[in-house]
Amino acid sequence: MTKKSISAALLSGLIALWVNASIAAMVELPRSSVYQVDIAVTDQDGRNTRWSDAASPSSGPRIVSMFYTHCDFVCPMLFEAIRNIELQLPPAQRQRLQVGLITLDPVRDDVVALKKTADQRGGEAARWRLYRTQPKDVRKLAGVLGV
């Protein structure tokens with residue numbers, strides 16, 4: 001998969017999330033919605049929260065994906081593709097965009113690893129959050145996202 005095709009796929013997903021976030025604020029969401037997944041998450045700064053709060057549609061449009069901190073090929077391309085999508089947005093929309101990346105390997109990807117990856121590869125810290133959760137909850141979130 002090329003960088004251009006990854007960017008196009010992510011941009012399509014972003015548009016869908018943008019529309020869904022707008023709709024979600026107006027209607028009751030299905031239990032299978034990524035916004036409804038009720039799991040505990042910890043971000044790269046060690047802050048604990050509930051995913052349903054972190055991914056709230058009221059916080060604006062969001063790109064959500066899963067990754068590994070120890071991935072040397074596809075995951076860095078994912079970070080770059082998200083940054084490229086941000087650059088295609090008008091500044092006002094870019095400032096509203098939130099990015100939530102959840103590790104697929106919470107056993108190895110502790111808060112220190114998340115912080116290091118965020119510092120090396122992440123975007124604007126206020127809008128980009130890298131998360132970890134419990135292994136059983138990774139499967140739950142991956143199922144909702146179709147990963």
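On α5 (111-121), the face turned away from the buried side carries the exposed residues V112, K116, D119 and Q120 (exposed is over 50% relative accessible area, buried under 20%, with a 1.4 Å probe and protein chains only; helices are DSSP runs of H or I of at least four residues, strands runs of E of at least two, numbered from the N terminus). This is a predicted model, in which local features need pLDDT of at least 70 and side-chain atom pairs count only at pLDDT 80 or more, while totals for chains, interfaces and linings use all residues. Residues are numbered from 1 along each chain as its sequence is written, and side-chain values use heavy atoms, leaving out hydrogens and water.

The buried residues of α5 are A113, L114, T117 and A118. They sit on the same side of α5 because they cover an arc of only 135° around the axis (taken from the directions from the helix axis to the C-beta atoms). Their cover includes β1 (40-43), β3 (62-67), α3 (74-88), β4 and β5 (128-132). At the start of α5, a side-chain oxygen of D110 comes to within 3.2 Å of the backbone nitrogen of V112.

D105 counts as buried, at 15% relative accessibility. Leaving aside residues up to four places away in sequence, D105 touches Y68 and H70 (contact means heavy atoms within 4.5 Å).

As for the sheet, five strands form an open one in the order β2-β1-β5-β4-β3, with mixed pairing (two strands pair if DSSP finds at least two bridges between them). β2 (48-50) and β3 stand at the edges with a single partner strand each, so one side of each has no neighbour in the sheet.

Note on methods
Polar contact = N/O pair within 3.5 Å; in protein donor to acceptor, adjacent residues only side chain to side chain.
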